[in-house]
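Dear colleague,

Here is the structure I promised to pass on, with some notes on its charged side chains below. Please read them alongside the coordinates.

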2 protein chains.
Amino acid sequence: MTQPLSMYQAFVPGVSNTLQALSQVLAKGAAHCEARKIDPSAFLQSRLFPDMFPLVKQVQIACDMAKGGVARLAGFDNPKFDDNETTFAELQVRIERTLAFIRSVSPEQIDGSEGKVITLTLPSRTLEFTGQQYLTTFVIPNVYFHATTAYNLLRQGGVEVGKRDFLGG
Amino acid sequence: MTQPLSMYQAFVPGVSNTLQALSQVLAKGAAHCEARKIDPSAFLQSRLFPDMFPLVKQVQIACDMAKGGVARLAGFDNPKFDDNETTFAELQVRIERTLAFIRSVSPEQIDGSEGKVITLTLPSRTLEFTGQQYLTTFVIPNVYFHATTAYNLLRQGGVEVGKRDFLGG
């Protein structure tokens with residue numbers, strides 16, 4: 001008998017899977033740079049358009065959206081990670097730290113947060129959500145947006161990965 | 001009192017919101033082509049890398065992932081949409097048709113599908129999921145992957161949109 005979907009189940013397995021897959025995609029990016037004599041730090045600064053964030057920032061935000069989602073829904077302190085990665089390997093470490101944080105939270109600590117009031121103060125505006133709205137219309141879209149954009153930057157840079165690498169498994 | 005999260009609530013509001021936002025982003029793409037005298041059909045064929053799908057296909061797949069997800073979880077016939085769009089307006093119609101299909105399904109028709117066996121036969125392999133796995137590790141990642149890639153193509157082509165347009169609201 002399958003359990004009913006919960007906030008934890010709707011969030012953690014899919015997002016963890018995607019971050020793990022992104023780490024493997026980054027490993028292929030590192031190998032590509034090695035083989036083609038490309039400076040990895042130049043690749044990490046690549047952008048799809050001049051006013052978009054570079055690759056390094058896409059990975060950082062994908063991680064931070066997942067981390068912040070878990071912290072806010074569970075009512076935990078949101079650990080601050082420095083944005084100082086300059087190599088693919090360092091970005092993989094950031095993903096690993098993010099996954100370790102996600103794994104430190106039990107289902108019971110997130111489940112039942114559907115109606116919890118979540119207030120986000122952004123530079124330009126304040127957003128107020130229920131926990132359910134926050135998860136389904138902010139956290140999940142943002143994690144996938146930034147993970148996909150990171151993947152697209154690697155893809156555009158010639159790294160040989162496909163959709164199956166993005167999905168993982 | 002907020003209801004517990006359900007398969008419907010984890011899927012439909014977020015994905016519908018994203019498809020609606022994508023339609024608005026496409027409208028801005030159409031206006032951009034008009035203002036800059038760009039042939040819209042050329043823009044719809046743009047790609048981030050030669051072996052990636054073009055913009056038109058990214059939008060088609062984003063719609064089809066949402067449509068197929070609803071159909072399979074609800075046990076409905078999956079309506080076939082022809083892949084024949086050549087303008088931004090036609091892609092907006094496809095999104096509208098997809099949203100109409102999604103709205104035709106009631107929560108009761110999707111809820112409780114967590115344990116339903118979903119088998120997908122792809123050209124290269126067969127995937128078997130529970131309904132919950134299918135939703136959280138296949139449908140949702142795929143909808144966001146293709147919606148983000150469509151957005152990224154418009155962004156790279158100079159359309160003035162931002163993250164807020166992607167998220168909608």
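A salt bridge is taken here as a side-chain nitrogen of Lys or Arg within 4 Å of a carboxyl oxygen of Asp or Glu. Please keep in mind that this is a predicted model, in which local features need pLDDT of at least 70 and side-chain atom pairs count only at pLDDT 80 or more, while totals for chains, interfaces and linings use all residues. Residues are numbered from 1 along each chain as its sequence is written, chains are lettered from A and ligands numbered from 1 in the order in which they are written, and side-chain values use heavy atoms, with hydrogens and water left out.

By this rule there are 15 salt bridges over all chains. In chain A, A:Glu85 pairs with A:Arg94, their closest N and O atoms lying 3.0 Å apart, and both residues are buried (under 20% relative accessible area, with exposed meaning over 50% and partly exposed in between, for a 1.4 Å probe and protein chains only).

A:Arg94 also forms a salt bridge with A:Asp83, at 2.9 Å from N to O. That pair links distant parts of the chain, 11 residues apart, with A:Arg94 in helix H4 (residues 88-103) and A:Asp83 in the loop between helix H3 (55-74) and H4; helices are DSSP runs (H or I, at least four residues), numbered from the N terminus. A:Arg94 counts as buried because its relative accessibility is 1%, whereas A:Asp83, at 41%, counts as partly exposed.

In chain B, B:Arg94 and B:Glu85 form a salt bridge with closest N and O atoms 3.0 Å apart, and both are buried.

Best regards

Conventions. Helices (H or I, at least four residues) and strands (E, at least two) are DSSP runs, numbered from the N terminus.
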